[in-house]
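Hi everyone, thanks for making the time. Have a look at the screen while I bring up today's structure, and then I'll talk you through a few parts of it.

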Amino acid sequence: MTKKKGTSTVFKCSSCGYTMPRWLGRCPECGEWNTMEEQTVQNSTSTVPAPFSATNSKPVPLSQISALEDSRFHSGIDELDRVLGGGIMKRSAILVGGEPGIGKSTLLLQTAVAVANKNRATGKVLYVSGEESASQIKNRADRLKLDTSNIELLCSTSLENIEAALNAISPVCIIIDSIQTVCSPEAGVIPGSVSQLKYCANELVSWVKERDSVMFLVAHITKDGSIAGPKSLEHLVDTVLSFDRNAEDVRFLRAQKNRFGSVDELGIFEMSEKGLKPVEDPSGMFMIRREKGIPAGIAIVPVMEGTQVFMMEIQALTVPAKASVNRVYSDNIDSARVSRVAAVLEKKTKLKFSECDIYVNVAGGVRITESSVDAALAAALYSARTDLALKEQTVIAGELSLAGEIRPVRGLKQRIKTASSLGFKHFIAPGNEPGIIQVKDVQELVKTIFS
């Protein structure tokens, strides 16, 4: 392995961080097997690199620093721009994670083409692939009928080759697919190791921070859905995007971290023969059109994701418990929230839920974490338990406290406006806004809906 002057090689345990000068099969500190990874470290006598030298770094008053003008540009994909906070920020690094085959490469290839078409006069787009061959990427672009005339393609896993291409082309947009495949002899011999990810990601992010470019880094995920590798990888970048999907061909794009915008926005795409297409009517996807009225156990709630309001359908079912202890089955709403709402209902309405198994679902497969669904969830559970259906064209919003109070939620005006535009006539919520049916607690909610 080639070493830089002033460096040495050590072996560090990826589990506990214990360091040894030579490799061992088992860590003497924590006892884990095959966790010793080779790393290159700077000797204490080596000189500090110029960019981090103390003589080159001087404090300056923050008031004298000018903000970057025209620092954002549009990607050409509206859903992606909204999730990023209004567009792509120059000199930023964006990490994109998701399950294998979910469409990360397709989304970024479409983004690369859109950015290249918008920036033909200012620069090219570099697509670096460490997992697919050039012919595979070309076949995907032809299948999606994309114009790739302004895109440069590099199929390499060598960090040195990538840096040479970056310096030669100076692209306005760089896509690294994926960061786990990039390696350098300066960080060891095993691609995808902790030291490789830290070193290669730091080098690439440092390059884009000094230029008016943007870099997308595709990342693998683990079995539990988190980004593979060290947590410091997420700290290095400016934005972390998560790509999820439901049982159908619908994809959801969220920001887990965003230094330049909100993390509450939700981008919705649908996979088709022409690639990922933004969903124009999300409410129609989350709601089921019925001809014979709403059955028992169904409630509609306006959910606010960032600046958008989606009308979502909550479905509840209660059946006699099959064991001595009742169970809650809920994937898209936290089961602890369902149990809490059921407990408040049982306490305040004297309706027994402790002897029932509870099933809760959200139409469309999207996961809801907003507290404004509490009142609608309570109505759906009460409806399922009593077999009384809610009135048609009714929506419910409100947060439920342990005392049975229904508290106001943010963005009530926008929720009312969206519900009215979709034809809903009855809006039940706490507050003093015009056009709503006001309720203060869960007893009044049940009386208003089911009396």
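Let's start with a question: how many of the residues of E15 are buried? The answer is 8 of its 8, so to speak a strand that is mostly covered.

Before I go on, some housekeeping. This is a predicted model, where local features need pLDDT of at least 70 and side-chain atom pairs count only at pLDDT 80 or more, while totals for chains, interfaces and linings use all residues. Residues are numbered from 1 along each chain as its sequence is written, and side-chain values use heavy atoms, with hydrogens and water left out.

When I say buried, I mean under 20% relative accessible area, with exposed over 50% and partly exposed in between, using a 1.4 Å probe and protein chains only. Helices (H or I, at least four residues) and strands (E, at least two) are DSSP runs, numbered from the N terminus.

Now the overall picture. The protein chain has 11 helices and 23 strands. Its C-alpha trace spans about 80 × 60 × 50 Å along the principal axes. Of its 451 residues, 48% are buried. If you take contacts (heavy atoms within 4.5 Å) between residues at least 6 apart in sequence, 66% of them join residues at least 24 apart.

Back to E15. In a regular strand, side chains alternate between the two faces of the sheet. Here both faces are covered: Ile298, Ile300, Pro302 and Met304 are buried on one side, and Ala299, Val301, Val303 and Glu305 on the other.

And what does E15 pair with? Its antiparallel partner is E16, over 8 bridges; pairing here needs at least two DSSP bridges between two strands. Valine 303 stands opposite phenylalanine 310 in E16, and alanine 299 has isoleucine 314 as its bridge partner there. The two strands form a hairpin with 2 residues between them, and in it glycine 306 takes a positive phi near 70 degrees. E16 also pairs with E18, again in the antiparallel sense, over 7 bridges. There, glutamine 315 has asparagine 361 in E18 as its bridge partner.

Next, the inside. A nonpolar core, for us, is a set of buried Ala, Val, Leu, Ile, Met, Phe, Trp, Tyr and Cys residues joined through side-chain atoms within 4.5 Å. The largest one has 47 residues, and Met312, Ile314, Leu381 and Ile396 touch the most other members. Several elements supply at least two residues each, including strand E15 (298-305), strand E16 (308-320), helix H8 (335-349) and helix H9 (374-386). Which element gives the largest share of this core? That would be H9, with 9 residues.

Take isoleucine 396 as an example. Leaving aside neighbours within four places in sequence, its contacts include Ile300, Val301 and Pro302, as well as Ala375, Ala376 and Ala379. Apart from this core lies another, of 33 residues, among them Val125, Ala255, Phe269 and Leu276.

One more residue: arginine 337, which sits in helix H8. Is it buried or exposed? At 16% relative accessibility, arginine 337 counts as buried. Again leaving out neighbours within four places in sequence, arginine 337 is in contact with Thr369, Glu370, Ser371, Val373, Asp374 and Leu377.

Now look at the open sheet of 9 strands, with mixed pairing and the order E8-E7-E9-E10-E6-E11-E12-E13-E14. Strands E8 (151-155) and E14 (275-278) stand at the edges with a single partner strand each, so one side of each has no neighbour in the sheet. Strand E7 (residues 125-129) pairs with E8 in the parallel sense over 5 bridges, and tyrosine 127 stands opposite leucine 153 in E8.

Last stop, a helix pair. Helix H4 (residues 159-169) and helix H5 (residues 194-209) pack at an angle of about 5 degrees, with their axes 11 Å apart. Axes are lines fitted to C-alpha atoms, for helices over the stretch in contact, and angles run from 0 to 180 degrees between N-to-C directions. Where they meet, the H4 residues include Leu159, Ile162 and Leu166, and the H5 residues include Tyr199, Leu204 and Trp207.
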